[in-house]
Amino acid sequence: ADNLGVPEAAWLNSDGRSAEAGAPGTPKELVLDAARWLPDNLVVCRARLALLDAQGQTIREATGWCSVLSDARSPKFDAKLLLPASLPLDGTIVVSLVAMEEGVAESRQLGFAALALFSGGGASSEPPGDRAHEGALNSGAFQLPIMIGHPEEVAATRDGLTSEAVLYQAPRIPCASVLVRLKDAGGEAPPPAYSTRSYDSSRTIPAPHETALYRVRLQREPLVAFDAIRREADRRGESAVRQDEAERWMRTNLSAAPKGQFDLTRFAKYNPIAGLQVCALNAHNLPHPALSFGVVSLVPPGTLYRSPPQPATGVRFTDDFEPESSLRSPVWKGGAGHLQQVPFDETTLVVVEVRMLKKLQPVQLEPQGWSVVPAFYGGDVNTGIFQLPLYNGSPPRELLAEMKAGDWRGGLEQGLA
């Protein structure tokens, strides 16, 4: 099979058709075999395996611990969730990962993966109970992408509706995934080797930035979870010299509910070829009630703000609206846009501008306001979701040049004083 330009040691393009379908009427179980390509700044993690109904209520759950003798950033698990005899047609399997982050005392929510219990069960964002459902059980082996955040919070944006399709509207952690099997319960056969292409990887087809990042991931030095735990324990003045001490340290520090979201700022060393992902999510209390668009660009190159404006290199426009949002507080659904080949420069700025449709023929856009945030922080991408103040009009070229040349925040305050 065409591997889409990704080294086979990093990711395999496979439909997993060699997986057995399972015997009808036999009890089923979910098995978590491993995770792959987790963030650089992760120490160790645990998993929560859960079966949820269409309203997001937990039907059954189990906890899985990674092996401290496996790679901390591609850990192995031996975790199982026995499913009930009566399976909900609209059920969704969710695997959530809770992790310890380097230099952080409390556990953090890393992300989650989702799989419809029945084929077709997660393929629509319509209320599952409102449609005919004749799908077969999703038996087999799957490679599932890990999404950022909590599944409950993602479902809350759709009135609590929980399905694979709804949950996969969350942003994805690049290259990160889990390997799971939905199979007949019982039996102790070892998981298939990833190289056998047994896992259906169709949900993890790489985006362009992931293709570049996979190559970098292959150059990362392996780090056994035992060594990562010992190093983090030493940093805290604690002891985890033996394997049993490392396992005890893991369970002690990961047993409590996570306190906040895992910081992905240092999840991978920045790769200029892979570049950045940027987007405008929504605006609030705009001065004019008009159809408005979010425009995100980088300075440099600052092509939008040259005289005359240059071709829109390094620019992303919102093109999809949440129809129920208001004109003064629009919500944009387009998701992140990928900007490839962005050189590392600590002075690079992300400029966000809101422009409204003033005239349809010919199309005429006028500014509602603008804001700015640094693209990099230290040696890393300035990863995060930011609420930014909007300044009137469009950013003056001279002010952008001044902010890039020195202290961006001081230049902004002085230029707008």
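Start with helix H3, residues 208–218, where His209, Glu210, Thr211, Ala212, Leu213, Tyr214 and Arg217 are buried. Buried here means under 20% relative accessible area, exposed means over 50%, and partly exposed is in between, with a 1.4 Å probe and protein chains only. Helices (H or I, at least four residues) and strands (E, at least two) are DSSP runs, numbered from the N terminus. Contact means heavy atoms within 4.5 Å.

Some ground rules before moving on. This is a predicted model, in which local features need pLDDT of at least 70 and side-chain atom pairs count only at pLDDT 80 or more, while totals for chains, interfaces and linings use all residues. Residues are numbered from 1 along each chain as its sequence is written, and side-chain values use heavy atoms, with hydrogens and water left out.

Next, select strand E2, residues 42–52. Eleven of its eleven residues are buried, so E2 is largely enclosed by the rest of the structure. Now bring up its partners; two strands pair if DSSP finds at least two bridges between them. With strand E5 (residues 92–101), E2 pairs in the antiparallel sense over ten bridges, and Ala50 stands opposite Val94 in E5. Seven bridges join E2 to E3, again running antiparallel, with Ala47 opposite Gly64 in E3.

Which residue has a polar side-chain atom 3.4 Å from the backbone nitrogen of Gly56? That is Thr162. A polar contact is a pair of N or O atoms within 3.5 Å; within protein, one must be able to donate a hydrogen and the other to accept it, and residues adjacent in sequence count only if both atoms are side-chain atoms.

Center on Thr162, in the loop between helix H1 (151–156) and helix H2 (164–167). Thr162 counts as buried because its relative accessibility is 3%. Leaving out residues up to four places away in sequence, Thr162 touches Leu52, Asp53, Ala54, Gln55, Gly56, Thr92, Ala155 and Leu167.

From E3, carry on to Asp71, in the loop between strand E3 (58–65) and strand E4 (76–82). A polar atom of its side chain lies 2.9 Å from the backbone nitrogen of Arg73. Beyond its neighbours within four places in sequence, Asp71 is in contact with Pro222, Leu223, Val224 and Ala225.

Time for the cysteines. A search of the whole structure finds zero disulfides, a disulfide being a pair of cysteine sulfur atoms within 2.5 Å. For Cys66, the nearest cysteine sulfur is that of Cys45, 4.9 Å away. Cys66 is buried, with a relative accessible area of 5%. Cys175 also has the sulfur of Cys45 as its nearest cysteine sulfur, this time at 17 Å, and Cys175 is buried at 1% relative accessible area.

Now switch to an open sheet of four strands, in the order E11-E10-E13-E14 with antiparallel pairing. Strand E11 (315–317) and strand E14 (364–374) stand at the edges, each with a single partner strand, so one side of each is left without a neighbour in the sheet. On average, neighbouring strands here are turned by 20° against each other, direction ignored. Zoom in on strand E10 (residues 292–299), which pairs with E11 in the antiparallel sense over three bridges; the bridge partner of Val295 is Phe317 in E11.

Over in E14, pick Gln368, which counts as buried at 3% relative accessibility. Its side chain reaches the backbone oxygen of His288 at 2.9 Å. Gln368 touches residues including Leu286, Ser292, Val354 and Asn392.

Last stop: helix H6 (residues 397–405), which lies across E10, strand E13 (349–359) and E14 and runs at about 165° to E13. Axes are lines fitted to C-alpha atoms, for helices over the stretch in contact, and angles run from 0 to 180 degrees between N-to-C directions. In H6, show Leu399, Leu400 and Met403, which are buried. Seen down the axis of H6, its buried residues fall within an arc of 100°, so they line one face of the helix; the arc is that of the directions from the helix axis to the C-beta atoms. Glu398 and Ala405, on the other side of H6, are exposed.
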